[in-house]
Amino acid sequence: INEIQGSPFYGCQFDATLTLHEGLKKIGDRAFSGNKFSGELELPESLKEIGKQAFYNCYRLSGTLRLPSKLTIIKEGAFSGCSQLTDELAIPEGVLSIGKNAFAYCTMIQKLVIPQTVDLIQESAFYMCTGLQSIVCKSEYPPYLQNRVFDGVSKTNFYVEVPEATVVTYKTTAGWSEFKR
């Protein structure tokens, strides 16, 4: 199986770590949506695409989400409502855009790392990620932020870390200029 299509695990309940097998390339739209996970999720390195609302409202999914290095597509609402995800969320190199509401309401993520390849962060992608304490953006050109990308995130209590030569550019770019440090 290299693709999970449809919503085969919608509303199910997994009571331990869910390990998806190597060779899986795509998790389709709403595949695990509304699942009552009570453990961690282990994604295979072969995974390239996470579909719309694939893990939407899996509010008991916990621990650090490790996105695989071959991932290139994170669609709308992919992890929206996964409020127990913690620690650092590192978007892999190769991802070009982060979908609308992709990580909205992931309230316990503390650090976000955005690679050089991301050039678009869609509307409300990190909406109400209230636990965010650090953002590292590795791109020399600030990714374009659509509306409300970081609404609900404190913009005064931490530094946004960017390449030194681009500090002024970030400070004058819409959306990024809201961060005070």
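This is a predicted model: local features need pLDDT of at least 70, side-chain atom pairs count only at pLDDT 80 or more; totals for chains, interfaces and linings use all residues.

Q: How many salt bridges does the count come to?
A: Six, taking a salt bridge as a side-chain nitrogen of Lys or Arg within 4 Å of a carboxyl oxygen of Asp or Glu.

Q: Which side chain does K75 meet in a salt bridge?
A: That of E49, at 3.2 Å from N to O. K75 is in the loop between β7 (73-74) and β8 (84-90) and E49 is in strand β5 (residues 49-50), so the pair ties together parts 26 residues apart in sequence. Strands here are DSSP runs of E, at least two residues, and helices are H or I runs of at least four, numbered from the N terminus.

Q: Is E49 buried or exposed?
A: Buried, at 14% relative accessible area. K75 is partly exposed at 29%. The cut-offs are under 20% for buried, over 50% for exposed and partly exposed in between (1.4 Å probe, protein chains only).

Q: Which residues are linked with K75 in a network?
A: E3, K26 and E49 are linked with K75 through salt bridges.

Q: Switching topic, what does K155 form a salt bridge with?
A: With E178, the closest N and O atoms being 3.8 Å apart. K155 counts as buried at 15%, whereas E178 is partly exposed at 40%.

Definitions and conventions
Residues are numbered from 1 along each chain as its sequence is written. Side-chain values use heavy atoms; hydrogens and water are left out.
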